[in-house]
Amino acid sequence: MGRLTRPLVPTGPLADFYEQLHELHLAAGQPSLRRLQQLTRAERRPRGINPTSIHAAFVRPRLARWEVVGEVVRALGGDVNAFAALWRQARRCQSQDDGEPGTPGPWTPAGIGPVPRELPSEVLPFTGRGPARGALDSLLAEGAARGAMTTVLLTGAPGIGKSALAVEWAHRVAGRFPDGQLYADLRGDGSGRPPSPTEALTAFLNALGVATADLPGTPAALAARYRTRMAGRRVLVLLDNAGTTAQIRPLLPASPGCLVLVTSGDSLAELVVRHGARRLVLGPLSVEAGVELLRGLLGDRVDAEPEAAYELVRRCGGRPLALRIAAERATAHDAPTLAALAGALADPALAAERDRGWPALLRCPVDSPRLAVG
């Protein structure tokens with residue numbers, strides 16, 4: 001079918017439309033027509049859009065139908081509503097009505113119903129994690145280049161900030177997944193009763209627009225319906241606090257446009273070996289990043305006790321949870337100084353708390369001089 005060359009059209013909205021479409025194709029790594037056909041598969045269109053129609057949308061000076069253009073833009077990870085506006089303007093420039101469908105409205109992918117936006121709010125302030133963000137960005141780009149579904153496992157010690165990083169990064173890349181973002185807390189960290197596979201799949205399918213009354217009755221059939229519903233979609237799935245691979249397996253879509261981001265305190269070797277997950281181990285914050293987190297929580301008090309702030313970060317092992325707990329202690333009534341908190345954490349009896357994210361920091365005795373706050 002030849003190369004995707006830009007058609008010769010007059011300057012103006014029509015030229016702008018084709019320029020933006022070709023730039024989007026370039027930014028997405030210039031996927032082939034066959035690859036785009038795969039990415040446009042859906043329940044109502046199991047074979048995807050014909051490559052000839054996709055080729056025409058790029059190279060013919062006459063605008064393609066919005067049904068085709070919208071799906072191509074979605075497959076490339078573009079802003080479909082923004083392209084709808086470009087398409088409208090370009091259409092007005094054409095001197096002859098070619099019988100295409102009317103002006104597109106706000107984008108809702110065919111057959112999926114509502115577009116879920118389930119990510120929880122970010123934990124602020126958020127500091128550091130530049131290398132970890134970069135590694136996540138690289139894995140996302142690698143999966144897109146391979147045209148495969150990507151599963152990333154973010155693991156590390158309790159209180160190290162796995163969930164906070166996962167949520168912050170997921171918000172940052174959410175625009176790459178225009179068909180939505182799903183979220184489930186699997187409570188594998190002992191914070192409560194983990195949801196059953198039936199409960200988790202039902203929640204996801206409901207979010208994707210499937211009524212509970214229309215759902216099959218077995219976990220295996222639910223998982224199959226979920227994979228069917230996700231076929232051809234670009235969805236980010238965040239599975240937080242996973243305890244076992246068995247919790248995760250039914251929630252893995254098969255669509256190459258999806259990303260699954262898992263957080264766990266376990267190494268989940270089976271997820272890596274059997275399901276091809278890429279594991280990232282999150283380490284502690286640097287002392288500088290830890291002090292910056294304290295500054296975001298405590299303000300000028302950190303600058304008033306800089307040495308104590310650095311010592312507190314070291315005593316907390318660079319764990320964000322421990323630092324947030326310490327900041328809570330420092331802002332409580334009759335709050336201790338940072339030096340007093342750091343001194344209390346020198347108690348060898350608290351060393352065992354490191355493996356549990358320092359929960360005892362909330363109750364450890366602080367007998368040093370205190371800072372009066374009004």
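Q: Where is R74 found, and what makes it count as buried?
A: R74 is found in helix α4; helices here are DSSP runs of H or I, at least four residues, and strands are runs of E, at least two, numbered from the N terminus. Buried means under 20% relative accessible area, exposed over 50%, partly exposed in between (1.4 Å probe, protein chains only). R74 has 0% relative accessibility, so it counts as buried.

Q: What is the basis of these values?
A: This is a predicted model, where local features need pLDDT of at least 70 and side-chain atom pairs count only at pLDDT 80 or more, while totals for chains, interfaces and linings use all residues. Residues are numbered from 1 along each chain as its sequence is written, and side-chain values use heavy atoms, with hydrogens and water left out.

Q: What makes the pair R74 and E71 a polar contact?
A: A polar contact is a pair of N or O atoms within 3.5 Å; within protein, one must be able to donate a hydrogen and the other to accept it, and residues adjacent in sequence count only if both atoms are side-chain atoms. The side chains of R74 and E71 are joined at 3.0 Å.

Q: Which residues of α4 and α5 meet?
A: From α4 come W66, V69, G70, V73 and R74; from α5, V80, F83, A84 and W87. Contact means heavy atoms within 4.5 Å. These residues divide into seven nonpolar, one polar and one charged. Ala, Val, Leu, Ile, Met, Phe, Trp, Tyr, Cys and Pro count as nonpolar, Asp, Glu, Lys and Arg as charged, and the others, Gly among them, as polar.

Q: What makes α3 mostly covered?
A: Seven of the nine residues of α3 (residues 51-59) are buried. They are P51, I54, H55, A56, A57, F58 and V59. Their cover includes α1 (13-27), α2 (33-39) and α4.

Q: How do you know that N50 caps α3?
A: A side-chain oxygen of N50 lies 2.7 Å from the backbone nitrogen of T52, at the N-terminal end of α3.

Q: Why are β2 and β5 called edge strands?
A: The open sheet has five strands in the order β2-β3-β4-β1-β5, with parallel pairing. Two strands pair if DSSP finds at least two bridges between them. β2 (181-185) and β5 (278-282) each have a single partner strand, so one side of each is left without a neighbour in the sheet.

Q: How do you know that β3 and β4 pair?
A: Four bridges join β3 (residues 236-240) to β4 (residues 259-264). Among the partners are L236 and L259.
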